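Reader: Please take one part of this model and look at it closely. Then set that part against the rest of the chain.

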Amino acid sequence: MKKRRLRKRAYVLIGCIIGLILGISIYFITRPAISFNESTQDIEINSTYNPMSFIKKVNGNKSSVKVDDSKVNVHKLGKYKIVYKLNKKDYTLNVEVVDTKKPTFNVENKEIEVGSKVKASDFVKDIKDETKTKVYFKDDVSFDKEGTQKVTVVVED
């Protein structure tokens, strides 16, 4: 009777050990060899970047990783993919070229003839931005009366 209980416990213990070994083996076999910092990585437009800096961890030798980022156009806003190869397996990272920097510009005071048609862009100069900007008055303005008035010009990208 005692032998039977001991044998039963031994079988349960051996089963648990085998299950644990099997679980650990499956984990190491199925885990990705490359993991990334983010699931989607942002790249600032017109910037330089290092595709290897997006890698969080490599199971193996990081210098063995080959990178194909030929589809990424840092001069055009959009979504792209970088393909990393390790041990004949591909790992894809989604990247997005973004414009997060605000435009810089200088404001100019102007003297305007009463009744003149004036564009908002007449009040700004030296606009610097990586993408196309749009210039407009924040509120409707009229130059039909004589005197000084404040206008708000928006430079948007």
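Author: Contact here means heavy atoms within 4.5 Å. On that basis, and leaving aside neighbours within four places in sequence, asparagine 94 is in contact with Ser39, Thr40, Gln41, Tyr80 and Lys81. This is a predicted model: local features need pLDDT of at least 70, side-chain atom pairs count only at pLDDT 80 or more, and totals for chains, interfaces and linings use all residues. Residues are numbered from 1 along each chain as its sequence is written, and side-chain values use heavy atoms, with hydrogens and water left out.

Asparagine 94 sits in strand β6, residues 89-98. Strands (E, at least two residues) and helices (H or I, at least four) are DSSP runs, numbered from the N terminus. One partner stands out for its side chain. The side chains of asparagine 94 and lysine 81 make a polar contact at 2.6 Å. That term needs a pair of N or O atoms within 3.5 Å; within protein, one must be able to donate a hydrogen and the other to accept it, and residues adjacent in sequence count only if both atoms are side-chain atoms.

Asparagine 94 has a relative accessible area of 31%, so it is partly exposed. The classes are buried under 20%, exposed over 50%, and partly exposed in between, with a 1.4 Å probe and protein chains only.

Now take glutamine 41, a partner of asparagine 94. Glutamine 41 belongs to strand β2, residues 40-44. Its relative accessible area is 16%, so it is buried. Beyond its neighbours within four places in sequence, glutamine 41 touches Phe54, Leu93, Asn94, Val95 and Glu96.

Follow the chain on from each strand. From asparagine 94 to threonine 104 is 10 residues in sequence, yet 30 Å in space, C-alpha to C-alpha. Asparagine 46 is not a glycine, but its phi is positive, about 60°. Most residues other than glycine have a negative phi. Asparagine 46 is partly exposed at 32% relative accessible area.

Tyrosine 11 lies in helix α1, residues 2-30. Tyrosine 11 and asparagine 46 are 35 residues apart in sequence and 64 Å apart in space, C-alpha to C-alpha. Tyrosine 11 is exposed, at 57% relative accessibility.

Compare a pair later in the chain. Glutamate 146 and isoleucine 112 are 34 residues apart in sequence and 9.3 Å apart in space, C-alpha to C-alpha. Glutamate 146 is in the loop between β9 (134-137) and β10 (153-156). It is exposed, with a relative accessible area of 77%.

The whole chain gives the setting. It has 1 helix and 10 strands. Its radius of gyration, taken over C-alpha atoms, is 31 Å, well over the 15 Å that the globule rule gives for 157 residues, so the chain is more spread out than a compact globule. The rule is 2.2 Å times the number of residues to the power 0.38. Along the principal axes, the C-alpha atoms fill a box of roughly 110 × 40 × 15 Å. Buried residues, glutamine 41 being one of them, make up 22% of the 157 residues. Of the contacts between residues at least 6 apart in sequence, 44% join residues at least 24 apart.
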